[in-house]
Each structure stands twice: as C-alpha cells, then as structure tokens.
Amino acid sequence: MVLAVPWPKVEAVLGQLPEWEGRILIDATNHFLLPSMELADLKGRVSSEIVSELAPSAKVVKALNTLYASNLATDPMIGKGRRVIFISGDDGGAKGDVSVLLKGLGFAVIDLGSLREGGRAQQVGNGLAGVDLVQID
C-alpha cells in the first residue's frame, strides 16, 4: 500500500486501517501543513518514524516523496537514463520488494539505508527533497 495523504491526515487514515501483519507500507508523505505549505514541527524526529509508530506491524519503506508529482507523472525513462527514486527502511526484504516494483516501473533505485538516516535525507527541508536525478544506464 502507498500512503500518499496530506500530513495532517496521516494519523486518522492509519488509525482506520486494520493491522498490517507485516505487510509493506510505502510512505510517500511529506510533513507539509496545508494550505500554508509550512512544515509541521516534528520535534527533531523523522516523519517516517512517526508513520512507522502509527502502523506498528507494517514494514515501512520511505519512497516516492522526493520528486514533484509532475515528475512522477512522466515517463521515468529519459533518453538513455532512468529517473532516480530514493528508498529507505529498516526491513531489507521490504526494501528489496519495493525496489523490484519501482525498477519494474522503469525507475533507478538508490537505497539510503534506515528509516532514521535515509528518511532524514529524503525529508523535506533536507538535501534530496525536490532533487530530480537521472541515472544513465
């Protein structure tokens, strides 16, 4: 499942779903407050860690959140290259499954490590958010 809802709705949406029982949850959220587009104060935490706490039996993989929707909507193949998607998570198997899925859609995938470290790099306000890279094959 892909979680792609406005940040203020994350807790309510996840609270309505049944137990995850080890299923994969792709966290594509960013912690914007709407309509102001200000960032929610996470008190030094990483948004994906919060998502993981709200879906405790899920295998959370952070992905699909660093590119603008307009870039995600275009063909991931660009000339002789593929648009890059970053992923992070604490479960290697889940990251592998998400990587296979994204590569099958035509993306190049770069694993940034754990939810804490990789998720921090992917989070809005840090280095990779909004960066559109192409990996040349």
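Predicted model: local features only at pLDDT ≥ 70, side-chain atom pairs only at ≥ 80, totals over all residues.
Local features were considered only at pLDDT of at least 70 and side-chain atom pairs only at pLDDT 80 or more, whereas totals for chains, interfaces and linings use all residues. Residues are numbered from 1 along each chain as its sequence is written, and side-chain values use heavy atoms, with hydrogens and water left out.

Side chains of opposite charge can pair when their charged atoms come close. A search of the whole structure finds six salt bridges, a salt bridge being a side-chain nitrogen of Lys or Arg within 4 Å of a carboxyl oxygen of Asp or Glu. Among them is the pair of Asp132 and Arg83, whose side chains meet at 2.7 Å, N to O. Because Asp132 lies in the loop between helix 5 and strand 9 (134-136) and Arg83 in strand 7 (residues 81-89), this pair ties together parts that are 49 residues apart in sequence; helices (H or I, at least four residues) and strands (E, at least two) are DSSP runs, numbered from the N terminus. Arg83 is buried, with a relative accessible area of 6%, while Asp132, at 32%, counts as partly exposed; here buried means under 20% relative accessible area, exposed over 50%, and partly exposed in between (1.4 Å probe, protein chains only).

Another salt bridge joins the side chains of Glu49 and Arg116 at 3.4 Å, N to O. This pair links distant parts of the chain, with Glu49 in helix 2 (residues 47-54) and Arg116 in helix 5, 67 residues apart. Glu49 counts as buried at 19% relative accessibility, and Arg116 as partly exposed at 40%. In the salt bridge between Arg45 and Glu53, the closest N and O atoms are 2.6 Å apart; Arg45 is partly exposed at 32%, and Glu53 is exposed at 51%.

Helix 5 (residues 115-122) also holds Gly118, which counts as buried because its relative accessibility is 1%. Apart from its neighbours within four places in sequence, Gly118 is in contact (heavy atoms within 4.5 Å) with Ser88 and Leu112. The C-alpha atoms of Gly118 and Arg45 are separated by 13 Å, and the two residues are 73 residues apart along the chain.

Ile78 is found in strand 6 (residues 77-78) and is partly exposed, with a relative accessible area of 33%.
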